[in-house]
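Hello,

Here is the structure you will be working with. Please look through it first, then read the notes below.

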Amino acid sequence: GQLSSIQAAIRTATSVLRVPIDPTNPDFVNTEALKESCVRTLESLSCNASLWSAISQDAIPSIVEYLQNNCDYNSNSSVPHAISGILGALQALTRVVAVP
């Protein structure tokens, strides 16, 4: 049904986040843009509390890895999508992970 389709979308976005990045590859910026879109998708889905379990099971490790890979971001970054992706990842984590 609809829930299984959404769970499949979560798994797909999570898989994209796991794709290794090679900064020397000409498609580097496109791959980073795709990852940023996947993070933003997960962020949007995290607004729905009924999806938190699926997101926490499938996506949290990949979101954390995405953040770790982008922790060296600075305003001179050659990756224009980095800040948007970082903010989206943090928003999704904030919604899904209960912080006391």
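**Notes on the helices and cysteines**

In helix α1, the buried residues are I10, A13, T14, V16 and L17. Buried means under 20% relative accessible area, exposed over 50%, and partly exposed in between (1.4 Å probe, protein chains only). They lie on the same side of α1, because they cover an arc of only 160° around the axis; the arc is that of the directions from the helix axis to the C-beta atoms. Helices are DSSP runs (H or I, at least four residues), numbered from the N terminus.

The model is predicted: local features need pLDDT of at least 70, side-chain atom pairs count only at pLDDT 80 or more, and totals for chains, interfaces and linings use all residues. Residues are numbered from 1 along each chain as its sequence is written, and side-chain values use heavy atoms, without hydrogens and water.

The buried residues of α1 pack against α2, α3 and α4, where contact means heavy atoms within 4.5 Å. T14 counts as buried because its relative accessibility is 2%. Leaving aside residues up to four places away in sequence, T14 touches D58, A59 and S62.

Helix α2 covers residues 28-45. Its buried residues include F28, A33, C38, V39 and L42. Among the elements covering the buried residues of α2 are α1 (2-17) and α5 (82-96).

How many disulfides does the whole structure have? The search finds 0, a disulfide being a pair of cysteine sulfur atoms within 2.5 Å. C38 is buried, with a relative accessible area of 10%, whereas C47 counts as exposed at 54%.

Regards

How values were computed
Helix = DSSP H or I, 4+ residues; strand = E, 2+ residues; numbered from the N terminus. Expected span 1.5 Å × (residues − 1).
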